[in-house]
Amino acid sequence: MSSTTTRSPAPPTTRTPWFALIVLAFAVFATVTVEMVPAGLLPAMSAAFEVSAAQVGLLVSLWAAVIIVTSLPAVRLTARVDRRTLIVATLAVMAFANLVTALAPTFEVVLVVRVVAAIAHGTFWSVVMVYATSLVDASISGRTVAIVSAGASGATVVGIPLGALVGQVADWRLVFAGLGAVLTVAAAVIGRRLPRLAGGPPTARGEGHRDRSFAAVLAAAIACLLTAAASFTLFTYVAPYLTDVAGLPSSWISPLLFAFGAAGIAGLAIAAVTSDRWPIASLVLMSALFAAGLGTLGIASQSAPAVIGGILAWGLAIGGLPAMLQSRLLGVASPALRGLASALMVVFFNAGISLGATLGGVLESGVGLVAAAFAAASLAALAGVAVVASRLLAGR
């Protein structure tokens, strides 16, 4: 039987399908919270399993490494699977992994099921934006990506802090049990209420390189990598930067991080408004703001107003850039390459996180965090260059 290429049961619409996009954003919120919440539960989990904080930290760092290694093979292996079915399956796997984590008798069990959940998460992220944009006309794809991406911002601002709070006042196991239940609900609603979307033939090894859109896709993916690396070069060490370099009281850290997250939500809203109308101009300007904010943290590290302004500019930019870059990446990819392009976004962004955290650590222990701010600003500027390169290679 030949595989169908039908993309949805109805033609894509120029009207925003709010219910479907909110449900997908809710699923994104849950998965990103699952990814990062061990960082907020580190002391409690360390004590429960009698392991070091560094070992518990593996639950986050290993997650990114697994995604980098497995996302592209997973996309090829699941190419023919109905997209809705694949989303439901990955959420179900993550739900099961979280419930096992909540009941895990040993740290080794947690580590194994986190690897399984990370494979599912990478596959989910490789398909969810392709699925979301298939529901709408191309003219509103940027807005669509921004709406679904709001789930990731919500995880940063609400999900992860709430998980940490529950872990402190109650039990860290309740956090994972609750996330398992949330993921189960998300999978059930998507399976019952959202339309099917047939898969297609997998992209053969080496075939993507021959696609005319591959060079533009690769340039956009490199922009994703540089953007993530720029942000995490300094964000990983933002607390010591604020206290030891900028000389701000430690009591300012939480309010400033909250302001950073709030600015990120504003940046996402800007992305939703501008990505479809001015895709390149908005991306270049946001990248410039990103570089300027990080550069300010290097140039004026002794000025409290300048540091606050730099933090807000950085937060605004990094809130909008991932959604804008994802929209750009899918926009320049040919129909045959869209699945691979989405997987590249996942791989390159996670690689950027690892690269940035590593670079920040080297600079922090060597020449200092002011140098890390300048390095981050330089990477942000290079990301803007990669965006322009993508425009030139795509011709649009």
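1. Helix 4 (residues 83–103) and helix 7 (residues 172–193) have axes that come within 8 Å and cross at roughly 160 degrees. The model is predicted. Angles over 145 degrees count as roughly antiparallel, and helix 4 and helix 7 are therefore roughly antiparallel to each other. Their crossing is left-handed.

2. The contact between these two helices can be read residue by residue. On helix 4, the residues involved include Arg 84, Ile 87, Val 88, Leu 91, Met 94 and Asn 98. On helix 7, they include Trp 172, Arg 173, Phe 176, Leu 183, Thr 184 and Ile 190. Ala 92, Ala 95 and Ala 102 of helix 4 also take part, as do Ala 177, Ala 186 and Ala 187 of helix 7. By class, the contact of helix 4 with helix 7 divides into 17 nonpolar, 5 polar and 2 charged residues.

3. The axes of helix 3 (residues 53–77) and helix 5 (residues 107–134) come within 7 Å and cross at roughly 40 degrees. Helix 3 and helix 5 are therefore oblique to each other. The crossing is right-handed. Residues in the contact of helix 3 with helix 5 divide into 17 nonpolar, 7 polar and 1 charged.

4. Which residues of helix 10 are buried? In this helix, residues 238–245, they are Val 238, Tyr 241, Leu 242 and Val 245. They cover an arc of only 115 degrees around the axis, which puts them on the same side of helix 10.

5. What do the buried residues of helix 10 pack against? Their partners are helix 9 (214–235), helix 11 (253–274), helix 12 (279–299), helix 13 (304–332) and helix 15 (369–394). After helix 10 comes Gly 247, with a positive phi near 75 degrees.

6. One backbone angle deserves a look. Most residues other than glycine have a negative phi. Glu 50 is not a glycine, yet its phi is positive, about 55 degrees. Where does Glu 50 lie? It sits in the loop between helix 2 (42–49) and helix 3. Is Glu 50 buried or exposed? The cut-off for exposed is over 50% relative accessible area. At 75% relative accessibility, Glu 50 counts as exposed.

Notes:
Residues are numbered from 1 along each chain as its sequence is written. This is a predicted model: local features need pLDDT of at least 70, side-chain atom pairs count only at pLDDT 80 or more; totals for chains, interfaces and linings use all residues. Side-chain values use heavy atoms; hydrogens and water are left out. Axes are lines fitted to C-alpha atoms, for helices over the stretch in contact, and angles run from 0 to 180 degrees between N-to-C directions. Helices (H or I, at least four residues) and strands (E, at least two) are DSSP runs, numbered from the N terminus. Angles under 35 degrees count as roughly parallel, over 145 as roughly antiparallel, 65 to 115 as roughly perpendicular and the rest as oblique. A crossing is left-handed if the near helix is turned anticlockwise from the far one by less than a right angle, and right-handed if clockwise. Ala, Val, Leu, Ile, Met, Phe, Trp, Tyr, Cys and Pro count as nonpolar, Asp, Glu, Lys and Arg as charged, and the others, Gly among them, as polar. Buried means under 20% relative accessible area, exposed over 50%, partly exposed in between (1.4 Å probe, protein chains only). The arc is that of the directions from the helix axis to the C-beta atoms. Contact means heavy atoms within 4.5 Å.
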